[in-house]
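Good morning, and thank you for the time.

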Amino acid sequence: MSAALIEPEGRISEVEIEGLALMKIVKHCHDSLPSMVTGSLLGLTQDNGVLEVTHSFPNPDTGKDDDIDEEFQIEMMRMLREVNVDNTCIGWYQSMYLGIYSTTSVLESQFSYQTDMSPNAVVLLYDPIQTAHGNFCMKAFRLTEECLKMKEAAQNSFIKPSNIFEELPVKCTNPGLAKAMMLDWAPKSDITLDRLDLSTHPYLEKHLEFLCGWVDELAGEQQKFQYYTRHLARGSNKTKAGWESSEAPKRMESLLVTNQIRNYCDQMEKFTGGGLGKLFLAGGLHKEERATSAAASGN
């Protein structure tokens with residue numbers, strides 16, 4: 001990031017995004033499937049600790065270095081400023097596939113935004129696959145202070161996996177006229193037939209498949225640590241300095257994998273809880289139907 005660091009008055013505690021900016025992100029992510037895409041967030045920081053996202057635009061997928069992307073972002077912000085649109089970059093967004101966000105690329109990009117752009121910069125992660133299955137998924141993250149200090153000091157030390165990313169609540173806001181239009185277009189009935197869908201196997205199987213892959217990757221990272229530990233035990237350098245060497249395996253890789261495994265377990269727990277409730281309800285209805293049919297045939 002080539003922009004100067006923006007010093008905030010205080011840390012933010014919530015992210016508010018306007019409906020138009022949200023729809024642009026959703027459309028960009030869905031239109032680009034199966035590719036995962038990124039974009040920039042524009043807006044401002046309010047005095048009450050709210051980060052307001054008022055505009056967004058996609059980044060071109062050129063496949064070249066980041067210098068081209070920076071030039072594109074600067075030119076876009078210059079043109080938006082000419083038409084009186086908020087042109088302060090406050091973060092970025094990225095599409096994710098079934099909740100995969102705890103990766104090195106996301107970590108390094110967010111670290112660059114928070115150190116070079118603003119400490120309050122956030123990343124909005126949108127999952128078009130989960131949204132297509134009836135579960136709208138958009139989350140806002142930033143790096144914790146503990147993770148930032150460890151990255152700035154280039155330390156290869158341990159950090160609790162849940163303390164790498166910090167999730168912030170996301171709230172969608174709309175002007176009064178837009179709210180009135182949405183109320184006018186709202187369906188007259190409150191019945192949602194999507195809740196009657198009992199097909200849980202494809203979604204759950206895909207989560208289990210990815211979970212097994214991340215567990216295998218964690219086992220591979222642990223083998224690297226075991227090999228390096230044996231190497232230190234055979235050598236003369238058995239102190240903490242041995243883990244500060246450039247040859248030592250990076251702890252952050254295994255910590256990110258652990259955090260992603262925890263995220264998958266949370267998603268599966270939430271998904272299976274609702275699925276089991278629907279299955280028990282359907283089982284009770286079938287028992288009652290069979291009992292009614294048996295009583296009718298006996299008479």
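Let me begin with burial: a residue is called buried under 20% relative accessible area, exposed over 50%, and partly exposed in between, using a 1.4 Å probe and protein chains only. Gln114 has a relative accessible area of 3%, and therefore is buried.

Before going further, a word on the basis. This is a predicted model, in which local features need pLDDT of at least 70 and side-chain atom pairs count only at pLDDT 80 or more, while totals for chains, interfaces and linings use all residues. Residues are numbered from 1 along each chain as its sequence is written, and side-chain values use heavy atoms, with hydrogens and water left out.

Gln114 is located in helix H3; helices (H or I, at least four residues) and strands (E, at least two) are DSSP runs, numbered from the N terminus. What does the side chain of Gln114 reach? One partner is the side chain of Gln110, through a polar contact of 2.9 Å. Another is the backbone oxygen of Pro119, at 3.5 Å. A polar contact here is a pair of N or O atoms within 3.5 Å; within protein, one must be able to donate a hydrogen and the other to accept it, and residues adjacent in sequence count only if both atoms are side-chain atoms.

I turn now to the rings. There are five aromatic pairs in the structure. Rings of Phe, Tyr and Trp (its six-membered ring) pair if their centres lie within 6.5 Å; planes under 30 degrees apart count as stacked, over 60 as edge-to-face, and the rest as tilted. Why is the pair of Trp92 and Tyr113 stacked? Their planes meet at 10°, with the ring centres 6.0 Å apart, so the pair falls in that class. Trp92 belongs to strand E4 (residues 89–95) and Tyr113 to helix H3 (residues 104–117), so that this pair links distant parts of the chain, 21 residues apart. Trp92 is buried at 5%, and Tyr113 is buried at 4%.

A second pair, Phe141 with Phe165, is edge-to-face, at 6.1 Å centre to centre and 75° between the planes. Phe141 is in strand E6 (residues 138–143) and Phe165 in strand E7 (residues 165–168), so the pair ties together parts 24 residues apart in sequence. Both of these phenylalanines, Phe141 and Phe165, are buried. Ring pairs also join Tyr101 with Phe141 and Phe165 in a cluster.

Finally, the cysteines. Cys29 is buried at 0% relative accessibility, and Cys137 is buried at 7%. The structure has zero disulfides, a disulfide being a pair of cysteine sulfur atoms within 2.5 Å.
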